[in-house]
Amino acid sequence: MLISPRRLKQLGMLGMNRRNVEVIGRWNERKLYPLVDDKLKTKLLAEDYGMAVPKLIGTISHQFEVKNLRKRLGLTRQFVIKPAQGSGGKGILVVVSRDKGRYIKPSGVDLSIRDAERHVSNILSGLYSLGGRLDVAMVEALVNFDDHLSRYSYEGVPDIRVVVYRGYPVMAMMRCSTHDSDGKANLHQGAVGVGIDLAEGQSLFAVQKGKLVAQHPDTQQSFEELQVPHWAEILRLGAGCYEMTGLGYLGVDVVIDRERGPLILELNARPGLAIQIANQSGLASRLDQVDRVAGLHNSVDGRVDYAREVFGRGLQGQLLPA
Amino acid sequence: MSSRQQVYLVALLLIAIGIGFTVYKMVALGFPLLPGESKEVWTLESKITFEPSDGPVEVSLALPDPHNNWVVLDEYFASSGFGFSLIEEGDQTRAVWSRRKVVRPPSLYYKLQVYKGKNRPDEAPPTQALEKPVLDPGYKDAAERLVESLREQSADPVSFTRLLLQQLHKDEDSFLQDAAFLLGEQSRSSTRVAMDVLALAEIHARIVRGIYLEHGRRRQRTSTLIEIYDGKLWVQFNPKNGKQGLPENFYMWQRGGVSMLDVVGGKNSRVEFAIMKNTLPTRSIVMMENRDERAALIDFSIYALPVEQQGVFKQLLLVPIGALVVVFLRVIIGIPTSGTFMPILIALAFIQTTLLTGLVIFLLVVGIGLWIRFYLSYLNLLLVARVSAVVIVVVAIMAAFSVFSYKLGLDQAMMVTFFPTIILAWTIERMSILWEEDGAHEVLIQGGGSLLVSVACYLVMVMPVVAHLTFNFPELLLVVLGVILILGQYSGYRLTELYRFRHMRDTG
C-alpha cells in the first residue's frame, strides 16, 4: 500500500516539506506574492510584458461604480465577471450572450442587470475573497475554448498548468474538470490531471484522486490521443512569467482561445505536487537538473528548448496504462 | 555560515543549555527527574520538663550533631517567657533558655524536621588525646587482665571492641571471671565498664546519644551507642548487644561525653521525644531545603510565584509540548489539520473535561454550529459579521447545553464552558467554508485530522512524566524549542506522502 521513501528518492519525487523549505522558501520572495494572488495585478503586469491574457474590459472597485455596470459593459455580448482575489473559482459569473437586456449564463438561466449588479456588489464587499478582504471586480472577455479540448472536460473547461522553476518549464499537466469536481479544475476536488510530455505536448498519464485512469470518467474520452495544440507557445508563455514576476517556483495556468491561442489565466506561487503523479515522474530531480544549468540560457526560447529536450519523453502514448 | 548551519548551531546550543540546567537542578539541587519520588521526613519534638526550685533557671540542651548524615529541613524553638540564645561550644551548638524566676513546672520545646541524607562515614580523627582512666586498684587489675586476654583473641580495635561487648553480655556460665567482676562491682552499667576497658586498651572511644526513630512514639528517651576510632574512621557499637554498625533508624544527636541536657535551678529534669513520620514529595523537600540557600535558579523561577499563578503556569507550560506534537504530526507524519494550533487549545480543553466527554461535547457543538452556519451563509453576510454571529451561536449552544444537562443531572456536559468559544467559532467557520469550497469529504479529512492531533496532544499532555518535567524543569522548553527548530528544517518526505505517491510506477 505504501511506497518506500528510498524509492521516492530514486524517482526524484518532491515532498511537501522540501517544496516549502527549499523551493518556495528559497526562490519565492514573500513580497512578490501579491503579484499572483491578485488576478488584476497579474493581468496588468502581463499586459505590460506583452503576454497574452484574456482581454480586460473593465474593473469596478467602489460600490458607487456598480450602477455604471451597464454603461461599462456597453455592447459586449460575452464576458466574465470575477473577483480579483477570489479563490477556488468562487464568484465567477459567466455570460455567454445577451437577449433583450437579459444576460444569459452558460446553463441557459438569464439574469437581469440588477442581478449582475448585486453580484458585483458582493464581490466588492469581500464575499468571495480570502479572509473577507474588500475586493475588486474584474470584467474580462470570455474565452472561446478550443472544441478540440472540450471533449476532455465535463461542465467546465480544461486548463494547462505549467510548473516553471527559475524560468525553465519543468513539468506540465492538463486539468480536466469532472462531475466529482463540480466543474472545477482542482485535482484535490476530483478533477483529472493529465501529465503532458514537455517535448511535444502529448499526454503521458492521467490521474484522478491519486489513481491512474485511462479515460475521462464522465465523457469516456480516452486520453491516449490527447495532443495539446500551440504547445511551444504555451511553454514560452509559462517560461516568460519568470521574468514577469521574479518568482522562482511558479504554476502558470493557461487556457486556449479558439482565435487568440494560449492565454494566461492565472498564476500560482505555491503549485501543488499532484502533477508528479500525473506525469509519473518526480519534480525534485528536474529541479536539481535546472539548478545545474541555470544561468546558461539567457532567453525564454533558450530555456524552453532546453526543457523540451531534457525533460521531454517523446514516447507517444506508449506509457499509458492499459 | 549558511542559514541551515545556523539553525543547527542555535538549536544545539538551546538543547545543550536546557539539558545543562536540567542536569544541574537534578544533581546539585536534588530535583527529582521522575514524578512520584518521595522521601520520609521525620518530625522530632523534644520536650524538656523539670521541677524548678527558687531562683534563676538556666536550661541548656545540646542540639543535634551537624555531621550525622541527616538533613534538617526546619527547626523551631518554643520558649514562652524564657530568654533564648544559641551558644557554640566547639563543634557543638547548645540552645540555652534562661529565666530569673520560674513558678510552675515549665515545658520547653525544640522541634525539628529531618530526612536521611547521603551516607558519609565519619573520618574526622579524634581531637582529644587518650587519657588513662582513674580507677580503683581492684577494678583496675581486673580490667587490665580482661584487656590482656581480649588482646590475644583480637586483631584490631574493632574486633577487640566486639569481643569486649560480647563478653559483657554472655550468660553467667561462660563469663570470663574478670568481666563478671567488673560488672558486679558497684553494679556499673555495661556502657561504663566498656568505656573504662577501652580507655585502658588505649582505644579512642566515645559515647553517642541519639534516638531510635519509630513512627508514632511519644515520650521516647535517648539511647546510647559506643563509637570507636579504628585508625581510619569511627565505628559504632550497640553496648547492649554488641551489634556493630549504625542502625538505620538511629538519629545521632550528640557525640562525646558532654551532657545532653543541663538544668541549673531545677531538678528531675528530663528530655523526651515525640516522633512522627511523613512522606513528602522530593520536590517539596528540595524547595524547603533551598529556601535558605536561595539558589538563584529557584529564586528567579516560576516557583517564586504565588501558588495560584504556578497553577496557571502548569497549564501554560504544556502548550509548547502540544506545539511540538503538532509540528511532529504535521511535518513528519503529514496529518492535515484545520487551523495550525487549534488542536492544542482543544487538547487543553480536553484536560479539563476528560477525553470522552470532551470529544462528545466538541462534536455536538461543532455539529450544531455547522448546521446553523449553513443558514447564515445563505444570508450572504460579511465575514466579520458572520463569524461574530457564529460566536454568539456557540455561546448560546454552550449555555443551552449547560442548562439542559444540569436539569437532566448530567454534570459532565456542564464542562462545555472549558472550550474556548472563539476557537470553536473559528473552527465552525473554517469547516463550513471548507465544506462549501471542497466538499464534505475534505471537511471529514481535515476535521478528523484536527481531532486526531488534538487527541494526540491530549494524550501526551496528560502523561504524568510530561506534566512533571515541564513544571519542574521549565528549562526543558529550550530543548523543545531546539527540537522544533530542527524539525523546521526537515525537508524529507512526510509519512502520508508514502501513501499519496503510492501510485508512482517503476518507470525509472
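Which residues are buried in helix 10 of chain B? I looked this up in a predicted model.

**Entry 1, helix 10**

I found B:Met342, B:Pro343, B:Ile344, B:Leu345, B:Ile346, B:Ala347, B:Leu348, B:Ala349, B:Phe350 and B:Thr353 buried in this helix. I counted a residue as buried if 20 or more other C-beta atoms lie within 10 Å of its own. Ten of the twelve residues of helix 10 of chain B pass, so the helix is largely enclosed by the rest of the structure.

I then asked what covers these buried residues of helix 10 of chain B. The cover includes helix 8 (307-316), helix 9 (318-333), helix 11 (355-378) and helix 13 (421-461) of chain B.

I also checked the length. Helix 10 of chain B runs over residues 342-353 and reaches 17 Å from its first C-alpha to its last. That is close to the 16 Å expected at 1.5 Å a residue. After the helix comes B:Thr354, and I noted its positive phi, near 70 degrees.

**Entry 2, a sheet in chain B**

I traced an open sheet of four strands in chain B, in the order 4-5-2-11, with antiparallel pairing. Strand 4 (83-89) and strand 11 (261-264) of chain B stand at the edges; each has a single partner strand, so one side of each is left without a neighbour in the sheet. Neighbouring strands of this sheet are turned by 15 degrees against each other on average, direction ignored.

I looked at one pair in detail. Strand 2 (residues 57-62) and strand 5 (residues 92-99) of chain B run antiparallel and are joined by six bridges. For B:Ala62, I found the bridge partner B:Arg94 in strand 5 of chain B.

Methods:
Residues are numbered from 1 along each chain as its sequence is written. Chains are lettered from A and ligands numbered from 1 in the order in which they are written. This is a predicted model: local features need pLDDT of at least 70, side-chain atom pairs count only at pLDDT 80 or more; totals for chains, interfaces and linings use all residues. Two strands pair if DSSP finds at least two bridges between them. Axes are lines fitted to C-alpha atoms, for helices over the stretch in contact, and angles run from 0 to 180 degrees between N-to-C directions. The expected span of a helix is 1.5 Å times one less than its number of residues. Two residues are in contact if their C-beta atoms, placed from the backbone, lie within 7 Å.
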